[in-house]
Amino acid sequence: MSPSQLYHSCPVTDDSVDCDYAPPSTAQHDPALLIDPSLLPEKDNYSKNPSPSSSSSHVSSASDPIRFSYRLAQVVPCVQSIAATVLVLLLVTWCATTSLQPVTLCFISAVGCGKGIREAAPRQASLVPGSSSHESSLSPGSLSPGSLVPGSSTITSTRLLRAFRERHACLATRGRWRLDPDPRLLPWKPAGPRGRLSPCDAAWTADAARTGHVAGGEADEVAERFFREVERFSLEGKRASVTGNASSTTISSSVEQGRGAAREWRVRETVKYRWVPDASCGRWEAVDGRKLIELIKGRRMLVVGDSISGMSFCSLWNHLLMQPQQSILSAAAGNASAEQLKGSAEQPNGSAEAINEAINAPAEQLKGSAEQPNGSSEQLKGSGELQVAVEETVPEFCKERTAIPDLAKRRVVACSEVRAGDVSIVNIRDDLLSTAAEPVVHLPQRVSIPWFDQILPDTGTSILVINRGAHYVNNSLFIPQLNETLTKVRAAAPDLLLIYRSSSPGHMHCEQLTAPLRKPQDPSQLPYHWGDFAAQNAVARQLVEAVGGVYLDVAPMTALRPDGHLSPPWDCLHYCLPGPPDEWTRLLYHMLKDLV
């Protein structure tokens, strides 16, 4: 089985060969690992990239113009500020010792003079015109931004833009991975006849009769039973508050059954971790598929990038089928019991029957999911009011552009679409974000399917999510190529909401790791130029924000997740789904809520 067969649960990559597949590295041991370094192999032998450790030298070189300009841009503002402050102090001192004019007027003159000097000094290029935050360390050259954030209806001032950036920087960086053993619904698989468990979960449940391992629908059934018992316990508390007594037998039974369900939720350990930002970052909710569809209702979203972008597309697709447990419970029992309890306070004699009815609601009410007879679509899980079919399609333009023998031979589907009502999400694979009009396919090194014409206003595309990908090129190519792409995108679609996802690095020795790290692995030790991603992410952020785009920073949280990668054989760059990329979708979900 090829590495790409273990890509993830998305059916659009069945037997493709991913050129950014990477096995475990030959790098040195990292003290950040949570395991005993003595347990790690001294050396692994792989024929691909025989000298991976040399890959990081390019960005760390003192002659790198990007690194130099970045450091210079940090120094210049400090020099300007110091010069202005010194001049103000000198003028204030002179005013205090002279009798030529009142001290107050001298002070005002000094402040004005200092301000004038700062304004006259060469200012760093602002990422977005009018914004004083996140000033660029690079000159964006020919980039010509439009409004603050084109495509956003909420960012109407530099103050709001600053607050938006600070909040999402907080969500992405000020947090930690927390183990949550409580059963819950997970985005197991996409809709459609080819929807299936990922190979990771297929292997996990291969001997389920002996191990009790669960995944997919079986795992969700356990989670629903667990939350039903939690709700029963809660309703018993409501019974006590209304009637003055509660059934100890029911409470005991509910607690025991809930504990039993928790023990039966034997899913992969890696899916139990959640990213938990600091409370100061603001709200951080589970993705609700219904709300996600409402957010992008009437819009067309285009996701462009390499196979990692394809993985993020699949996570987004999977989440369209998701509805948090709290929504499911309130739809089935919570809302009903609240109304019943409201009436029960007025009619005490009916309270017991009303609450019992809510407690004993059939399990089918909680699940509320259905499949079409032909298996081509699924309904959103849950019994809420909105029931939207989520369907996979391959548009005609995709068929025309991917009619290439190599793609067909290796069963690479590099262009597909998911529809949920009037919501359309299209994924097109382009490893280098080229704007070329003709496809370029050199498997396994490169797949570039034309996509640029799909952002034009007449296509209806209003949201573009892109990433330059894990296919490393040096800065002399990376910067002008990305600059050219972004310039063309903004010129062709001035009102497009542009979102750039950062590139997350792979991990050394992922086959040995089963839990998150305390801190990222040493970038200088990472192979395959993974250690260079951070510097190029910083450049990409400057260029993207210079054209009014927003930066979705998934790299910091992902750098802490060496567990959950594809196996076996070990691919230390891609992940199983469900897995860490589901938190990328959660971050995107909150970004869309804040923008549109």
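Visitor: Why are Tyr528 and Trp530 called buried?

Guide: In this predicted model, both Tyr528 and Trp530 are classed as buried, which means that each has under 20% relative accessible area.

Visitor: What makes the ring pair of Tyr528 and Trp530 tilted?

Guide: The ring centres of Tyr528 and Trp530 are 5.2 Å apart, and a pair requires centres within 6.5 Å. Their planes stand at 55°; stacked needs under 30 degrees and edge-to-face over 60, so the pair is tilted.

Visitor: How many aromatic pairs does a search of the whole structure find?

Guide: The search finds six aromatic pairs. One of them joins Trp177 and Trp275, with ring centres 5.5 Å apart and planes at 65°.

Visitor: Why is the pair of Trp177 and Trp275 called edge-to-face?

Guide: The angle between the planes is 65° and the cut-off for edge-to-face is over 60 degrees, so the pair takes that name. Trp177 belongs to strand E1 (residues 175-179) and Trp275 to strand E2, so the contact ties together parts 98 residues apart in sequence. Both tryptophans are buried.

Visitor: How do you know that Arg561 lies over the face of Trp177?

Guide: Arg561 is placed at 4.5 Å from the ring centre of Trp177, and the distance criterion is within 6 Å. The criterion also asks for a position within 35 degrees of the ring normal; Arg561 is accordingly listed as lying over the face of Trp177.

Visitor: What makes the contact of Glu285 with Lys593 a salt bridge?

Guide: The closest N and O atoms of Glu285 and Lys593 are 2.7 Å apart, and the limit is within 4 Å, so the contact qualifies. The pair links distant parts of the chain, 308 residues apart: Glu285 is in the loop between strand E2 (273-277) and helix H9 (289-295), and Lys593 is in helix H19 (residues 581-595).

Visitor: Why do Glu285 and Lys593 count as partly exposed?

Guide: The relative accessible area of Glu285 is 29% and that of Lys593 is 25%. Buried requires under 20% and exposed over 50%, so Glu285 is partly exposed, and so is Lys593.

Visitor: How do you know that helix H19 is largely enclosed by the rest of the structure?

Guide: Of the 15 residues of H19, 14 are buried, so the helix is largely enclosed. At 1.5 Å a residue, H19 should span 21 Å, and its end C-alpha atoms are 21 Å apart, which agrees.

Visitor: Why is Arg401 called buried, whereas Asp453 is called partly exposed?

Guide: Arg401 has a relative accessible area of 16%, and the cut-off for buried is under 20%, so Arg401 is buried. Asp453 is at 30%, between the limits of 20% and 50%, and therefore counts as partly exposed. The two residues form a salt bridge, with the closest N and O atoms 2.5 Å apart.

Visitor: What makes Asp431 and Arg429 buried?

Guide: Asp431 has a relative accessible area of 0% and Arg429 one of 7%; the cut-off is under 20%, so Asp431 is buried, as is Arg429. Their salt bridge has its closest N and O atoms 3.0 Å apart.

Visitor: Why does Val86 count as partly exposed?

Guide: Val86 is at 44% relative accessibility, between 20% and 50%, so the label of partly exposed applies.

Terms used. Residues are numbered from 1 along each chain as its sequence is written. This is a predicted model: local features need pLDDT of at least 70, side-chain atom pairs count only at pLDDT 80 or more; totals for chains, interfaces and linings use all residues. Side-chain values use heavy atoms; hydrogens and water are left out. A salt bridge is a side-chain nitrogen of Lys or Arg within 4 Å of a carboxyl oxygen of Asp or Glu. Helices (H or I, at least four residues) and strands (E, at least two) are DSSP runs, numbered from the N terminus. Buried means under 20% relative accessible area, exposed over 50%, partly exposed in between (1.4 Å probe, protein chains only). The expected span of a helix is 1.5 Å times one less than its number of residues.
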